[in-house]
Structure formats: C-alpha cells, structure tokens
Amino acid sequence: MAEKTRITRDEALAYHLDPTPGKIDVSASTPMATQRDLSLAYSPGVAVPCEVIAQNPETAYDYTTKGNMVAVISNGTAVLGLGNLGALASKPVMEGKAVLFKRFADVNAIDIELDTEDPDAFIKAVELMGPSFGGINLEDIKAPECFIIEQTLKEKMDIPVFHDDQHGTAVICAAGLINALHISGKKIEDCRIVLNGAGAAGIACIELLKAMGARHENCIVCDTKGVIYQGRTAGMNQWKSAHAVATDLRTLQEAMEGADVFLGVSVKGAVTQDMVKSMADNPVIFAMANPDPEITPEEAHQVRIDAIVATGRSDYPNQVNNVLGFPYLFRGALDIHARAINDEMKIACAEALAALAREDVPDEVAIAYGRKLSFGRDYIIPTPFDPRLIYTVPPAVARAGMDTGVSRRPIVDLDGYADKLRARMDPTSSILQGIYARARNAQARMIFAEGDEVRVLRAAVAYQRNGLGKALVVGREADVKEKLETAGLADAVRELEVVNAANTQHLESYKSFLYQRLQRKGFDRHDIHKLAARDRHVFASLMLAHGHGDALVTGATRKSAHVLELIGKVFDASASDGAVGITALLHKGKIVLVGDTLVNEWPDDNDLALIAERGAHVARELGLDPRVAFVSFSTFGYPVSERADKMHRAPAVLDERGVDFEYDGEMTVDVALNPAVMAQYPFCRLSGPANVLVVPARHSASISVKLMQEMAGATVIGPILTGLQHPVQIASTVSTANDILNMAVMAACEIGRNS
Ligand SMILES: NC(=O)C1=CN([C@@H]2O[C@H](COP(=O)(O)OP(=O)(O)OC[C@H]3O[C@@H](n4cnc5c(N)ncnc54)[C@H](OP(=O)(O)O)[C@@H]3O)[C@@H](O)[C@H]2O)C=CC1
Ligand SMILES: CC(=O)C(=O)O
Ligand SMILES: [Mg+2]
C-alpha cells in the first residue's frame, strides 16, 4: 500500500486560505486589453451574438460558455457523510467539485449554494438558471428530497441534470463491483448484497446493481433503523419501500452473516470487525462513506485477508469515489450538447471504467501513483490521476448518448474526438504528480539547512506529513520550537529531528573532512571550525557528504550564488566541475526548461553544449522527450552578430559529442516555441516546439525566468542544481514554503544528480 498521506486541520485550512480564499478563480478567455477588445466584448459588439442567439438559441453553444459550463448546486443537507451542515458550510465541497471538473475533464464549473430545504424553492431556483449552463450537477442534497428535486428538474430542463451522489456513486460502485466479482469469481445474480445507507447514494447504487442482474431477494438494505423489511413502518419512504424484502433479519449485524458484498454509503464506523468476520469467502467491502469509511481497510484486512476492500478516500488503494465519474460523464455529455445524461450513458461510463482497470497500466500511471499497478485485489478501479480516463470514458459516454438520441450535435469522428481530448489536458500537473509520487517512494531523509526560517519549517513539516520521508532540520532546538509554535505548528515540534553542531556526534569528522578539502585553499583549523560549526549551509552539506541525510535543500535565506559558494566548500559545485542550474517554467499547460540559471555567468560554446546536456537530462527525468533550442536574438545566422556567434556554434559541439537528443540553433524564442514560426525554417531539426531553452548567459536566463514569473504568472521550479555527485537543491530567497517543498521533492528524486 502507498504511504498514507497525513493531512492536519491546519494544513487543510491553510490550503483553503492561501494564496487567496477558496479554490476558484475566473479568468477571461478572450483578449481584454484595448479599446477595440472592449468594443467587441461589451457594447456595441456584444449585441451581435445576443441577437443571433435570440433568433437561434442553439448558437448559445457557439458564442457563450454555456456548452462547457456546469453548475454544481447544493443546499448542504447531506455534506459528504457530515450531515446537514447547511448551504454555506457546503461551499468548500462544491468549490472542490468545481475544480475537479476543471482538473480532470477541462469542464468549467461554478458552485452555487442555495439556502433552502424546501424542494419547490430549490427546483424553482435551478430551473430559472438553466440558460446559463450546459449541465446541472446536483450535490450533497439529502434523501428523499433529492429524488423529487432531480426527477422534477429532469422533466423541466433541456440540459443534463445529474445528482452526483446518486448516479455518480452508483456508476463507480458498479464499475468497481464488476471487477471485484471478476476477481472473486462470483456472479452478481448469485451474490448476497448488503447495503448500509438508504439515502441518495444507497438507493441509486442498489437500483443500478439490480439493473445489472442482482436479485431483489438477495439484496438487504439497512438504514439507521436497521434492515428495511416488508411491513416496516418506521423511517420509511417510497424509495426505501421499493427495496423492502420479506425477511426475519432485523439488524445490520444479522444481515452481514454470509453476505458476499457489503456496500456502505452511510457513516463512519458503521461496520464492526465481527460483522466482516461473518461474511462469505472473498467478501467485497465497499466502505464508501466520506471522509471516513464505515470500516477502514486495515480493520477489515485484520480479520479477513481474503476481503476485497474499497473506500471513497484517495489515500487507500481502490478509491470508489464519484470523482471518477462526474467529470467524464459531463465531458461526454457536453461535447454532444446533450439534453440529458441517461442510463445508457451511465452504464457506458461504468463499463469503460471497469475495462480500463483491467488493461495493462502504462508506466506513466505507475509513476504518477508511485507504485506498479496491475489488475487485482488492490487495483479494481482506475486511479483518479490516470491520464487515460479523459480520452477513454467521455467517448464511451458520448457514443451512448448519440445512440440513444439525446445528442443535439453528434460527434462524427470519435477517434479524432479522443485525440482532441488527449491534447486538452494540462501535462504539467501529471509531471508534478509523478515527481511527488517518486519522492514518496524514495523516502529520502531530507536535510533542511535553514531551520531558523519559518517557510523552511513549514516545508519540512509538509514534507514529513505528506509521507515523503523524514525531515532533518538544521537549527537550534529552542528557536525551531518557538518558530513552529508561532506558525501554529506546535504539534510538529515532536515530529521533526533538529540537528546542529552542538547536538551532533559527528562534528570532529565533519571538520577533518573539510580541512582535507580546504587546507591548501587558505583555510586554517580556526576557519574550518567556524565554517563547519557555524555556517548551516556548510554544516548541512557536511551531513549530506557523510550520509547523515540523503538529500539537501537550502537557499531560502541567502542569495543563491552565495549559497552555492558555501556548498562548494564541501562538494565540487562550480562551473568548472560541470554544475549547471536548470529552471522549469510551467505555464498554460506547457513546461519549458531554461538553463543555465545559476552557475555559468558567460558560458562559451562548450559550456553551452554541457548546459544543453544537463537540460536534456532533467527533461528526461521529468518524463519529457528533450528538444533543445539554443536561443538568441538571431535565427540560423541572421542577423549576424558577435554576441550570437557562440549560440550558432554550440550545436556543432553537440554534433561532435554525438548526443542522443534533438537540438538546434541558434534561434529566437518564438521560433523555438511556436510551431507556425518554426515552420518557416523547414530545415530545423527539432520535431516540435523546444522544451529546453539554452540561453546565452546567466543574466538573460534570470531576466526571462523572472519576466515569465512576474508578467505571465508562470510557476517556477528551480533553479534545479545539476551535475553534482549528491542531490542538493537551492531554493530562491523569494520562495514560498510550497516552492521549498517542490525543491525538496526534486532533491528527493535526485533530479539533475550526476550519476
Ligand atoms: N464514495 C463516494 O463516491 C460517495 C460517498 N458518499 C457517502 O455516502 C454517505 C451517504 O451520502 P448520501 O446518500 O448523499 O446521504 P443521505 O443523507 O441521502 O443518506 C444517508 C443514509 O445513510 C443512513 N445512515 C446514516 N447513519 C447510519 C447508520 N449509522 N447506519 C445505517 N445507516 C445510516 C441514513 O439512514 P436514514 O434514512 O435512516 O436516515 C440514510 O439512509 C456519506 O457518507 C457520503 O459521504 C456519497 C456519495 C458518493
Ligand atoms: C464523494 C461525494 O460526493 C460524497 O461523499 O458526498
Ligand atoms: Mg457528494
């Protein structure tokens, strides 16, 4: 099992507070800079699409966001398994669903919380907002009101209305169960199924399973009052009555005896180990209550090693959660301008998910998830970060929608559609996801050199609490304690290991190591003591050099050049040793590496070739196929300039070295990054836009990176220090705790290390 991620209340609150309150931002998709833009976007230009839509409403899909906009609507009466928290308190979950729509299927979604428990008022409000959206995703509305609300809205509205907790859950549960039974060798029609929770999710799950072949008399449904049997009157409604059976069983405990399948959509801890013990062989247990399941996988496996267990959480294997469904169901439905999401589309989604889990898992998924996945007890359903979902599930949904006549605009070329979906997703998020998963596997003991800096302490705490490995913090115990307490991280005092010259047993060996290195460079024993005992960058480097940590991150408190010089006392880290700094720029779904951003001030053509090699190496470690451009202000020899000359010559150095990646130059940045401009040079040897830019000097590197950061809001990771024998990373003085954590993760993965 993957290392479990520990999330504290403080972290959860900080995540929602920073960088701005909440999780959503709105940005314009059209230019909005000039008077002309204003005239087009607003009055008078906007009048034209208004009139066109008034004449032909279907064109709203062409001229507005309607076709890619979903409303996530709740009244907060059944917020996860937390109960009726009300409309306002449900907003974090609804914002969360909205960002999941965007992240996983590029669907724009906005949360709407309606402050009413009156179904009629709710229905009226949603009905009136129909024109704005391509679909309505109802969320966390309790049963039985949710059934009436959804049914009525489906009848009244001409866009998909989908109650996620009912059908999203049912679809994923069905997909998981198809595969779990595949493994246990049982047939659904022979299974005794116990469902705990007869609300929105429960009723929909059992209905779908019955539609798939489960027999009514084999299904026992329970709620807070126990088994729903024929003749029961307490706590009943028409939806529960439909699943009442003639039985003498009265409690969940009795129902569980001999059961093949348990489905939990109720509350935390509703199932005991005794109940699990009494189940049939190879029992299937889907404990789907959120955030805490009816029984944890550990508890279930303690008493039944043959159990196939799933939960709704992301930190256990087999996450049966509707996040696998709603983004892709809506993607497929929106792309055919569907009027509804019908049963056929839901079943197509379930079957596509189940089939995907049985397929061979590509390495990129294994990297992203941190372990090799193969179909079996611990992998019955795809993981949410599986990049194949986006191009596998929506086409299946769209096809089913077209076959059943709910599409307004059918997709003619479904293969082409799958290709477009594949290109639609932001590759950078899976790159970061992959690096974090690799770091989690590496479990490196990370040395954080600057324990007197609160950003560093936050990063160290996050490193350890995210299960990435052990954090070793260089600093004074009392100071670290005080800073952690002030930062609201008092609990972490006992978790972090604080190391310093006074509490280490190794100071003498550190000093003699350093003396050996520096005695002929003008350092006497007194200087050595000062460096080893008082400079935390040097002390931390000595720890690393002696294997008293696996990797090092520093640089948040002092200028990088200075830190590099101090690290250079312990390691060979200068330009002449082959060290190079590579910075990753992530923006608008693209990742571009720039070098050298740290070490070489004014590289010559040989240095530039080395920078290209280091950049290509980092690109490969990040999962990219390197395409290196030597960039300048001239392209392939024009205009002729002394300053551009070395960029012109550098590719020839690589020709001589016979490297195994694509490179070319010199060229301007637009030629390097824009395929249309590159096409003007048909002889260019790059097969696509460059993803590694080698720049003429450190100042141009710094200018371009900072310009991208300040003007475009690009995410900057680095400079990633490469070419050292040890994994060392230098964060910048303006780094946030998250930036420092990213650098620690790079160090943990040994990205850029000279192997
Ligand atoms: N993994 C996933 O993807 C999803 C998980 N869920 C989870 O399912 C749960 C229910 O959600 P939802 O259906 O929307 O909520 P509802 O409020 O509509 O239904 C809750 C149901 O659970 C029953 N229940 C509550 N406590 C117990 C108990 N101790 N024993 C037995 N039954 C109990 C209630 O019984 P009664 O009718 O007697 O009040 C009711 O039938 C939540 O924990 C939610 O997080 C929901 C959607 C998706
Ligand atoms: C996952 C989800 O929708 C829920 O727990 O309510
Ligand atoms: Mg929900």
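**Figure 1. Salt bridge between D62 and R409.** In this predicted model, the side chains of D62 and R409 form a salt bridge with an N to O distance of 3.1 Å; the term denotes a side-chain nitrogen of Lys or Arg within 4 Å of a carboxyl oxygen of Asp or Glu. D62 belongs to helix α4 (residues 60-63) and R409 to the loop between α18 (389-403) and α19 (414-424), so the pair ties together parts that are 347 residues apart in sequence. Helices (H or I, at least four residues) and strands (E, at least two) are DSSP runs, numbered from the N terminus. D62 is partly exposed at 42% relative accessible area, and R409 is likewise partly exposed at 36%; buried means under 20%, exposed over 50% and partly exposed in between (1.4 Å probe, protein chains only).

Figure 2. D315 pairs with R313 at 2.8 Å, N to O, and D315 is buried, with a relative accessibility of 15%. The side chains of D535 and R558 meet at 3.8 Å, N to O. D535 lies in the loop between α24 (525-534) and α25 (536-545), whereas R558 lies in the loop between β14 (551-554) and α26 (560-567), 23 residues apart. D535 is buried at 13% relative accessible area, while R558 is partly exposed at 32%.

**Figure 3. Surroundings of ligand 1.** Among the 26 residues around ligand 1, A198, A201, T224, K240 and N322 come nearest; a residue is counted if one of its heavy atoms lies within 4 Å. An N or O atom in the side chain of K240 is 2.7 Å from an oxygen atom of ligand 1. Backbone N or O atoms also approach ligand oxygen atoms, at 3.0 Å for A143 and 3.1 Å for G199. Of the 920 Å² that ligand 1 exposes when taken alone, the protein buries 82% (Shrake-Rupley method, 1.4 Å probe).

**Figure 4. Surroundings of ligand 2.** The residues around ligand 2 are L80, K97, E139, D140, D165, N290, N321 and N322. Polar side-chain atoms lie 2.9 Å (D165), 2.8 Å (N290) and 3.0 Å (N322) from an oxygen atom of ligand 2. The protein covers 87% of the 210 Å² of accessible area that ligand 2 has on its own.

**Notes.** Residues are numbered from 1 along each chain as its sequence is written, with chains lettered from A and ligands numbered from 1 in the order in which they are written. In this predicted model, local features need pLDDT of at least 70 and side-chain atom pairs count only at pLDDT 80 or more, whereas totals for chains, interfaces and linings use all residues; side-chain values use heavy atoms, with hydrogens and water left out.

Notes. A polar contact is a pair of N or O atoms within 3.5 Å; within protein, one must be able to donate a hydrogen and the other to accept it, and residues adjacent in sequence count only if both atoms are side-chain atoms.
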